[in-house]
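Hi,

Here is the structure I said I would pass on.

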Amino acid sequence: MTFVPPSIDWAALAPIVIVLGAAVVGVLIEAFVKDAVRRMVQVILAVVALGAALVTVAWRWTVVQAQGPAELVGGAIVEDTPALMAQGVVLICAFLGMLVIADRVGGEDGFTPVAAGAPGSTYEAQARRLGLVQTEVYPLVLFSVGGMLVFPAASDLLTLFIALEVLSLPLYLLAGLARRRRLLSQEASLKYFLLGAFSSAFFLMGLALLYGYSGSVRFADLAAAVPAMVGMDVVLLAGVVLVLVGLLFKVGAVPFHSWVPDVYQGSPTSITGFMAACTKIAAFAALVRFLYAVVPGLTWDLSPLLWTIAILTMIVGTVLAIVQTDIKRMLAYSSVAHAGFVLLGVIALTSSGISSVMFYLLVYGVATVGAFGLVTLVRERDAEGNVTGEATRVEQWAGLGRRHPVLAVCFTLFLLSFAGIPLTAGFVGKFTVFAAAVEGGAWPLVVIAVLASAAAAFFYVRMIVLMFFTDPDQDAGSTVVRTEGTTAIAVAVCAVATVVLGVVPTPILSLTSEATKFML
Amino acid sequence: MLQLIAVHLLAALAAPALVSRFGRRMFLPLALVPGSAAIWALTRLGDVLAGEVPVQSVSWVDSLDMHLTFRLDVLAWLMVLLVGGIGALVMIYCAWYFATGAKFLGRFAGIFIGFAGAMLGLVTTDNTLALYTFWELTTVFSYLLIGHYFTRKGARRAGMQAIIVTTFGGLAMFAGFLILGAMPGGSFSLSELVREPPAGTAATVAIVCILVGALTKSALVPFHFWLPGAMAAPTPVSAYLHAAAMVKAGVYLVARLAPGFAEMDTWRWIILITGSATMLIGGYRSLKQHDLKLLLAFGTVSQLGFLILLVGQPNQAVALAGLALIGAHAMFKAALFLTVGVIDASAGTRDLRQLSGLGRNLRGAAIPGFLATFSMVGLPPFAGYVGKEAVLEALTHDGGAYESALLAVVVVGSVLTFAYGMRFLWGAFARKPGVADAQLDREPPGLFVPGFVLAILGLGAGLLPGLGEGLFERYAATYPAGEPGHLTLWGGIGPALALTVVIVAVGLGLFAARGLVERAQDAVILGPDADRGYRTLMRRLDRAAVAVTSATQRGSLPGYLGIILVVTVVSAAIALGSSGVQIGQVRLFDSPAQLLVAGIIVIGAILTAQARRRLKAVVLLGVTGYGVVVLFALHGAPDLALTQALVETIALVVFILVLRRLPAYFSNRPLKSSRWWRAALGALVGVLAMALALIVPAARVADPISVLFPTEAYEYGYGKNIVNVTLVDIRAWDTMGEIAVLLVAATGVASLVFARTRTRTGRVERMRDRRSGDAQVWPSELEDPASRLRPAQGTATAPRRARSWLTGPGALAPNRRSVIFEVATRLLFHTMLVFALFLLFSGHNAPGGGFVAGLIVGIALTVRYLAGGRYELGEAAPILPGALLGTGLFLSAGAGAVPLFFGGVVLQSVKIDVDLGILGEMHLVTSLFFDIGVFLVVVGLMLDVLRTLGAEIDRQGEATGTASPDIAHDSPRSSPDDSRPLVDAGGEH
């Protein structure tokens, strides 16, 4: 029993190392840097780290294009084009999300000054008065991003599980840090944690079964074992199903979606945007890798399950979104519906499926970060005219288009993109995914998907009508607060990207279509 | 063509500024923009007649097959002419129609031109995706135009309805295009699709989807209700969108695809049924309208059905007539709408019951009104007559059942058309008895011109039928069936002419009996009302969504978890059931004792689930745990049994420490029904787990890795206790990770409990820290049963230092003390410590080890704490848990690293045998040091738990005066905590 240390190609791991390293440094900053400058240092560190990681991913992309894909760390992680593409998309959205997170909108941090204090306690009030800030947020986000970078690149089940936990645990915590409506936030956090723990347990159980089946946790060995092992189909199928449960939970597919609305609503809005975009990207990328590696031998057994889930996800997400009166909940359900649309591309099981999923995720991620970024800006006013929490009730947005046209136009853009109206990025995304599904023979799904889109268009359009054509309700007074600028930058970038990707998507499309060129 | 669209785009962007700056007259120069399209089309007349199709292609998104390909064949040419020409005329009309100071005119102008541009693209592009894009653009623009008076609620609602219905249709069409494009043999090019139409189920579904799109856009039954609703729009919008342009998009699409697909059965039946129903229902409904605009709207619905019915047939002659009627309809219907606009502006009403005498007093409106109506009802020599005559001619020519049905529909529809046409003329222009002549404002002449032009054009086109035939025959020839038809004013005496006479006669009769018809319509409700159906559908959808939300998304964690569990159980059960399950060999028991213990475990588990008191549940849970201990022991695994017993004990203690701060009871029981299904679900999950446990080992083909452990443990770890060697050697890395996690968890617990008093974390509270004024530990209102045996208060002498063990002044409140417990503690504490050390050192070969030893020390400390309170804990272990944890981790890691200095690998074990003379031979394995580290960490963790969840919570309780309630029994004086559910108790904090 000799232990052979794997040779580690640090250059290839650089994006992950940069982000996780910055997270560790962030923890040290918590301990050693003075309060006065701590927040500033954390923000700069986080933004720089994400930017640097993004640049590194771009560099690795060129390396992989030249030298082909490689296995890293003894095969636990692979460096290939789909992984790098997913990492790039995660980093783009994380970078934009970080800009929103770092913004002290309306002059106050978006997070509770002291997470350990009971809501409403004098302790909390004191912390607020002293102007404490919970700067652990930044390293936590970085840890989570680190997990998300490993997730799509993991090529064995154990690494996948560890990445899953690394990306999830900080999110559980972050969900509970809202500055206002703290009980809601803590409830969200607890629910997310408990349900997440359950799904992780399922995942682990499936992992164990698959290991028992194939004698290995590596995807490649598992795939090789699929046709070879006769008589153990039960274990294989049960294992794959359980692992899928874990992944679909992260994706927020029906029926594993129930946490989504509660958590999206309760979490600090900037975190919601980050989480909604990046988690979904990473989880879908991992799901695709798992399915493409393992399932080809199982298509026949699994497609009824995947089809059912995709149909349910699209329909439930859409139908429930119609009746929501809270913007964050509405966006949450719409994100459930989007998960269903992405599943179409996943189910296609073609190479165009992978690239279409990547493109869709980019489009969706950008619009999501932008939309939630805008939600952070619209605030309620109490009777004395003080600006309080976010105005998330839909009717509070009435007439916003007349008072704050730029904001409303940007929000409209994101909504149109979600709805998949032509000339926005969402249309191209939907188109690529649907076309891939038709190519893969899943045209009935496409018909359902388009009908769901039509129903979805209803509530997006209703929101637009509300903003531009409805008179504001005097009682539900809402106002728009000033940003420090970073949210504005993020939203502007998202809006521009939404239009550009809709009108001239060719460069990005050709990039994503190369995502399947070198796949391990 | 791209340039034309670009011009539209630029003009649309510039228009708002221009109109705001220069006023409504700017509509005149802006009318040149759509006009340029018409003029351009006219210049191409020669090419079109010669059969040359100009094509222009710009690649847009190559990878998606999205190209901006435009081509001007006959059909496109006709549509461009209509879209551009009528657009220009309507814009001229706008220059006078709106009031000078009307608001939002700039916006209106921009959107109007944008719409014209989108429409232009729609009818000329050859790429289905580009067509869809333009299609949706027209939807959005039309929404904005319909909702132009957005301050009016009715307009907003109408606009919303229109956009929902047409977007729905558009998306359905998109799905169809997508399937046709991406399927094998498919294409995103319209011309290729028509040339080689794909076949198969998918193609049929796709065609249905596309037809849904066309039908919604052209307001065919059952989607026809949005068009009358959209009459809330300004009249120019109605004239352009709802007569000439947008609603024609559906007709255009059907005409475009018919050459390829018209012989498909699905296609034919859909066209026949929806087209006929629309033609008849529209005509019938318009017979009872009082609002002239609504009358025209229903008439338009009827005509659109007619047109689609015609251009959707595979027959060449019918199609030729259809094309001619598309042109005719655009001209007369736009003219009629514009006329209504004039009437409305001039008389101030559109209600035909209030209009009287306009035929004489408003000649400028009456003349185009009459001309256009004659064309509509099909009187010679107007364009409408030529078209309708050609239809009758073609249909009487072929005599199949399908054609006969079609003919009947056309005849009945034409009768209705004639009747409502007359009704329109009568309503708008006749002098009605008992109604005073309408007061008329003078309108500028410019307002009358466009209507005149269109009406005259209708007449001109009718007079030159040969030109139309020469133009359209080329496109009609692409249809798959029948013979070429003819457009002519005089087709000779035959069945067609006879039918025309019949139509006119019956139509006149219907008109004459208009009062009767209206009353009959009021009395008889003909079928379901589509508008109401739509609203009911939307409401139902809303309600269903609310119902589903409240059923599945009520925020209840058990509910969410239930869903996930149900799905998991079902899918796993399907997976198990579908793949030939084999259950391995099952041996019920080795000895009857096992059966007995298992029975106790089961009973314990059931009672746990039933328990309402938290403490009871925890204790019963303990029963199951200790049952497992016995099972281990019976199976011959004392080491496992020992470890399990200790873990159970510790878990129980920690549970109880925490429970002190929770209400005694669980929250109110759920309703009976949900309790039952939860129990059932729990049982199901249990059964599934059991099934897996039975199936999976049987399915195993590889040897389990644990088979190797006994020899590995002895040869490499030099120990016989496999459990311990696994911990410290075989899986030492895991252990290292675990103790690190333990340390973090302990620190986390401590930091949460100490969060409010950060300063106290660095101190151990001992007896001497207690001040005389401090509250007693665990004060209680219970009666002290031993009070009579104690010396009276105040007479007790201060105990000497040496006697403070368990009885010091900081010890428990008197009524909490238990003599038996104290004596037992005195006997056990040191014994346990020694025993723990023994286990620590002997653990390598015999049951024991660092982990177990640490737990025993932890229990010893627990005993001290329970017997003597928090100060006693400080006395028992006057050391900070952090120090223990840190030292332990350091020791383990250090011990693991030492072998590196001797050329070994991390965590390698070495055996050292030392002869200690009289003490015998010592057999030392280096992994012992690692184990000592584990021991220290476990002790540190236990101390930390006791200090935080025990002592610190006591202290905080004493400080705030809120003692923990007695959870072991209900106090005689019931406290509010006990009787109330948790929710209420939680609400107070």
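(Helices, H or I of at least four residues, and strands, E of at least two, are DSSP runs numbered from the N terminus.) A cavity here is a set of points, on a 1 Å grid over the protein atoms alone, where a 1.4 Å probe fits but cannot get out, and lining residues have an atom within 4 Å of a point.

Before going on, the ground rules. This is a predicted model, where local features need pLDDT of at least 70 and side-chain atom pairs count only at pLDDT 80 or more, while totals for chains, interfaces and linings use all residues. Residues are numbered from 1 along each chain as its sequence is written, chains are lettered from A and ligands numbered from 1 in the order written, and side-chain values use heavy atoms, with hydrogens and water left out.

Back to that second cavity. It holds about 80 Å³ of space, a volume being the space filled by probe spheres set on the points, which are joined across faces, edges and corners. Besides H1 (10–32), strand S2 (77–79) and helix H3 (81–102) of chain A each supply at least two lining residues. The lining includes Ala12(A), Ile16(A), Val78(A) and Gln87(A). By class it has 10 nonpolar, one polar and one charged residues; Ala, Val, Leu, Ile, Met, Phe, Trp, Tyr, Cys and Pro count as nonpolar, Asp, Glu, Lys and Arg as charged, and the others, Gly among them, as polar.

In the whole structure there are 14 cavities of 30 Å³ or more. The largest has about 190 Å³ of space and 16 lining residues, with Arg763(B), Val764(B), Glu765(B), Arg947(B) and Ala951(B) nearest its centre. Helices H36 (870–876) and H38 (927–960) of chain B each give two or more residues to that lining, and H38(B) gives the most, with five. The lining of the largest cavity divides into eight nonpolar, one polar and seven charged residues.

Now the packing. The largest nonpolar core has 419 residues; a core is a set of buried Ala, Val, Leu, Ile, Met, Phe, Trp, Tyr and Cys residues joined through side-chain atoms within 4.5 Å, and buried means under 20% relative accessible area, exposed over 50%, partly exposed in between (1.4 Å probe, protein chains only). Trp397(A), Tyr240(B) and Trp267(B) have the most contacts inside this core, and helix H16 (residues 316–347) of chain B gives the most to it, with 22 residues. Apart from it lies another core of 56 residues, Met736(B) and Leu949(B) among them.

What about disulfides, meaning pairs of cysteine sulfur atoms within 2.5 Å? Cys494(A) is in no disulfide either, with the sulfur of Cys93(A) nearest at 7.5 Å.

Cis peptide bonds join Val254(A) to Pro255(A), with omega about 5 degrees, and Pro380(B) to Pro381(B), with omega near 5 degrees. Val73(A) has a positive phi near 45 degrees and is partly exposed at 25% relative accessibility. Leu423(A), also not a glycine, has a positive phi of about 75 degrees.

Cheers

Notes: Disulfide = S-S within 2.5 Å. 1 Å grid on protein atoms, 1.4 Å probe; cavity = no way out; pocket = protein on both sides within 12 Å on 5 of 7 lines; lining within 4 Å.
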